[in-house]
Every structure is written in C-alpha cells, then in structure tokens.
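Please keep the sequence and the three-dimensional view at hand while reading.

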Amino acid sequence: MFLIRRALMLAALAAPTVPVSAAPVAARAAAPPTTATVITCTNPASGATWQLRIDLRHATVDANPATISADEISWRDARDGGNNTLDRKTGALTIIVASSTGGFERQDRCRMPP
C-alpha cells in the first residue's frame, strides 16, 4: 500500500504542467498603432543630420508641445531653448536660439513624407 501511494505521488509530481493563460490569445488587445512620423533633417552648412519625431495626434515634436497648422509646425525645444518653425510644404526648418550674446538663427532642411 505504501509503495502504491508513493508511486502515485511521484507520478503526480512528474506530470507535465500546462500554463493557464489569463485570456485567450485572440481576445488580447493589440498595441495601439503609433501616431508619430519621423523625419530626417540636415544642416546644409555642416551636413549634420538628425531626426525629428512629429506626433500630429498629440501635437508634439520630440515630446515638446507644438502648434500645428496646415502650413507649419512650431515648437520650443526644452533642451536648448530654441524656437523652431518647420514649413510643412517645403521642409524648411528655422531654428532661433536666444542667448545673452544675441543668439543665432539657423536654416536647415527636412525631408517631408509624401
């Protein structure tokens, strides 16, 4: 009797376990689609390039609040304090950075999506 009980216990311990999911795979919510557009900009004087992440739904550029119209997108960059204006038709990007010595203005180019 003792051997049979022990054999049944060992068999129960050796039985494969099946994980139980909280929800069926088909019922799980899919990740929401991204609303951001990433564009590449170039400084024509130096050739340096960087990317801007524009989210029209949330009205942000690189997570900075933006004013968006049919013609342009304007925002203040919290990192350098620059005031930026992007022409949505031509891709011209004007950056104005103020400083105690007068600041500067820079004209760059961005490749706009079709």
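## Strand β4 and Asn64

Strands here are DSSP runs of E with at least two residues, numbered from the N terminus. The model is a predicted one. In this numbering, Asn64 belongs to strand β4, which covers residues 64-68.

Is Asn64 buried or exposed? Asn64 counts as buried because its relative accessible area is 11%, and the cut-off for buried is under 20%. Setting aside residues up to four places away in sequence, Asn64 touches Ala59, Trp75, Arg76, Asp77 and Ala78.

## The largest nonpolar core

In soluble globular proteins, nonpolar side chains tend to be buried together. The largest nonpolar core of this model has 13 residues, and the members that touch the most others are Leu52, Trp75, Leu86 and Leu93. At least two core residues come from each of β1 (36-42), β2 (49-55), β5 (72-76) and β7 (92-97). The largest share, three residues, is supplied by β7.

Leu86 illustrates these surroundings. Apart from neighbours within four places in sequence, Leu86 has contacts that include Ile39, Ile54, Ile73, Trp75, Leu93, Cys110 and Met112. Asp71 and Glu72 are also among the residues in contact with Leu86.

Strand β7 pairs with β6 (residues 83-87) in an antiparallel arrangement joined by four bridges. Within this pairing, Asn84 has Ile95 of β7 as its bridge partner. Four residues lie between the strands of the β6 and β7 hairpin, where Gly91 adopts a positive phi near 85°.

Strand β7 also pairs with β8 (residues 104-110), again antiparallel, over six bridges. Here the bridge partner of Val97 is Phe104 in β8. The hairpin of β7 and β8 has six residues between its strands, and Gly102 takes a positive phi near 115° there.

## Salt bridges

Side chains of opposite charge can pair when their charged atoms come close. How many salt bridges does the model contain? The count comes to three.

One of them joins the side chains of Asp71 and Lys89, with an N to O distance of 3.1 Å. This pair links distant parts of the chain, since Asp71 lies in the loop between β4 and β5 and Lys89 in the loop between β6 and β7, 18 residues apart. Asp71 is partly exposed, at a relative accessible area of 45%, while Lys89 is exposed at 61%.

Another salt bridge brings together the side chains of Asp77 and Arg79, at 3.3 Å from N to O. Asp77 is buried, with 9% relative accessibility, whereas Arg79 is exposed, with 74%. Asp77 is also one of the residues that Asn64 touches.

A further salt bridge is formed by Asp108 and Arg106, whose closest N and O atoms are 2.9 Å apart. Asp108 counts as buried because its relative accessibility is 2%. Arg106, at 29% relative accessibility, is partly exposed.

Technical notes. Residues are numbered from 1 along each chain as its sequence is written. This is a predicted model: local features need pLDDT of at least 70, side-chain atom pairs count only at pLDDT 80 or more; totals for chains, interfaces and linings use all residues. Side-chain values use heavy atoms; hydrogens and water are left out. A nonpolar core is a set of buried Ala, Val, Leu, Ile, Met, Phe, Trp, Tyr and Cys residues joined through side-chain atoms within 4.5 Å. Buried means under 20% relative accessible area, exposed over 50%, partly exposed in between (1.4 Å probe, protein chains only). Contact means heavy atoms within 4.5 Å. Two strands pair if DSSP finds at least two bridges between them. A salt bridge is a side-chain nitrogen of Lys or Arg within 4 Å of a carboxyl oxygen of Asp or Glu.
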